[in-house]
Amino acid sequence: MMLSKGLKRKREEEEEEGKEALAVDTWWLDPGHPAVAQAPPAVASSSLFDLSVLKLHHSLRQSEPDLRHLVLVVNTLRRIQASMAPTAALPPVPSPPTAPSIADNLLASSDAALSASMASLLEDLSHIEGLSQAPQPLVDEGPPGHPIGGAPPSLGALDLLGPATGCLLDDGLEGLFEDTDTSMYDSELWAPASEGHKSSPEDGPGKEEAPELDEAELDYLMDVLVGTQALERPPGPGR
Amino acid sequence: METGTTEADIISTVEFNHTGELLATGDKGGRVVIFQREQESKNQVHRRGEYNVYSTFQSHEPEFDYLKSLEIEEKINKIRWLPQQNAAYFLLSTNDKTVKLWKVSERDKRPEGYNLKDEEGRLRDPATITTLRVPVLRPMDLMVEATPRRVFANAHTYHINSISVNSDYETYMSADDLRINLWNFEITNQSFNIVDIKPANMEELTEVITAAEFHPHHCNTFVYSSSKGTIRLCDMRASALCDRHTKFFEEPEDPSNRSFFSEIISSISDVKFSHSGRYIMTRDYLTVKVWDLNMENRPIETYQVHDYLRSKLCSLYENDCIFDKFECVWNGSDSVIMTGSYNNFFRMFDRNTKRDVTLEASRENSKPRAILKPRKVCVGGKRRKDEISVDSLDFSKKILHTAWHPSENIIAVAATNNLYIFQDKVN
């Protein structure tokens, strides 16, 4: 092998990571599709959706999000959501039905973490003035392999930049006052779930109407996540 | 990255000046290092001019924006040279928010024989001075000093990704994710906004500006690329705010290659005019494309940089490599184009012969004066002795920044924190 032995240890680490990363490449696809590399996938599994939501989450958590990264992730999430919408069912069944075992583990752990963080997020957000009319917080993850909320929510707002990068020159005085709302930066807002919120469904009856309620909740959640509800921006001058 | 490498040393931009005499690099720590080519000596005709360090200075420091509670990175995103007009050299360097004009000049003489100061610079008591003398200039060891001549600040809400000097040499533009501003070199407290794609309602944002460049000869023309794989050519004479493009370049999506990642991989990471001004070259995640300015509906040439990654896109999405921004460059005659890849590989494409080559920038494989050996990635089946399999590629070793000498076959390749300079072998 032509490659240097001097970096062997590092390369092996990278190789392992690389191998691991590249080997699981096909798990995200609907296994109903053959010829994974060639066929344009019709339906993404919920794992790809979860991964994208996590990326969005992570991106928004940055003090100054990389706008390009954010926009690309959101657009990708929209595509995934559009492909998954027709497969929503009541009560939600794991779809695709048999995912590889690696995917199961990923789904279970990511669902738990995601629902926990979403629940905590909603709990914190309910403290923000003006959100008292918020719908009931999201129910928990349900059975493993079940995507959050059945049908993924429509992603509306991308008004994530609110005070984060709003410029004094840009918005004038309104922008300046918006900056003083620090609720977006409260660490609790973004922290992983505390113990108390972990796995308890908030309301039994709500669960029956799961898809509609979930969708609305998720819609709301995404809106708040990207700041539309919490921080209504008055239209700037001259725009 | 080697053990012990500090992140501040990661090279973030590389650029030759217009004569190729100087090569500037910027790094994550906000420093600029300028290399100068040694004059070829008559005694050693076989020894091509080598590049040695000429000047090093701290261009940008980390800043803290107290109003928004944000740290502004000092990483140098781009360096662009101004054409030389006198003995001094001028360059623009930018981080995410602030562009600076630096003057780099030589001092090889110093004045001696002051009347009011002694040799150490201490003031002399005027009462002790009985005669006057005229100070003379005496040679000294060459000193290269860099001084910031202009600071262009507070004009960008979003992250600056490009700067480009206009062919009029009086103005330049700076582009961030949503806006492009036009500056006059002499005026730092104001700039003209010439492109603004920020939607009135940020909820509607679906596209950002990824790169921008002035036409090399027409000072009214520039292009900018987007995260959706489009290029817009604008004419500043048409209107003050160039929100309406003169030309719109976009290739229709190939339906057989469609995936959830289609948009991400179509996002253009770099756009460069050819030296002739007749073509533009764009780099997206998997390809380099050459466009004729007269044909907007598709590129005239497409080169596959590392198509073996197409089936690995999900993993590359997972580890964020799919968001890596590779640059691309033309050679002086616009006949060869070059761009980087992973595993410290970089690729060259000859537009005339249609041949391409993969080379590697690494210490183990590059001793001084050694000839670079072409590399090959094995995509399946039996791997030959010299080949490397896709799964063995090191994705942390990415070559994002390269530069080509304006007239000679000398290239500069930045591999993380190392700079490699390769030259044509002398016959």
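**Notebook: chain B, burial and salt bridges**

I looked up B:Glu15 and B:Arg80 and found both buried. The model is a predicted one. The two side chains form a salt bridge, with N to O at 3.1 Å. B:Glu15 belongs to strand β1 of chain B and B:Arg80 to strand β7 (residues 78–81), so the bridge ties together parts 65 residues apart in sequence.

Next I checked the overall form of chain B. I counted two helices and 31 strands. The radius of gyration is 24 Å; a compact globule of 427 residues would have one near 22 Å, so the two agree. I read the span of the C-alpha trace along its principal axes as about 90 × 55 × 40 Å. Of the 427 residues, 54% count as buried.

I then took the charges. Chain B carries 56 positive and 63 negative side chains, and the centres of the two sets are 5 Å apart.

B:Glu7 sits in the segment before β1 (11–16), and B:Lys28 in the loop between β2 (22–27) and β3 (31–37), 21 residues apart. I noted B:Glu7 as partly exposed, at 49% relative accessible area, and B:Lys28 as partly exposed too, at 24%.

Last I looked at the salt bridge between B:Arg384 and B:Glu387, 3.6 Å from N to O. B:Arg384 is exposed at 59% relative accessible area, whereas B:Glu387 is buried at 9%. I also noted a network of salt bridges with shared partners, made up of B:Asp9, B:Asp27 and B:Arg31.

Terms used
Residues numbered from 1 in each chain as written. Chains lettered and ligands numbered in written order. Predicted model: local features only at pLDDT ≥ 70, side-chain atom pairs only at ≥ 80, totals over all residues. Heavy atoms only, no water. Helix = DSSP H or I, 4+ residues; strand = E, 2+ residues; numbered from the N terminus. Rg over C-alpha atoms; globule rule 2.2 N^0.38 Å. Buried < 20%, exposed > 50% of the residue type's maximum accessible area, 1.4 Å probe, protein only. Lys, Arg positive; Asp, Glu negative; His and termini not counted. Charge placed at Lys NZ, Arg CZ, Asp CG, Glu CD. Salt bridge = Lys/Arg side-chain N within 4 Å of Asp/Glu carboxyl O.
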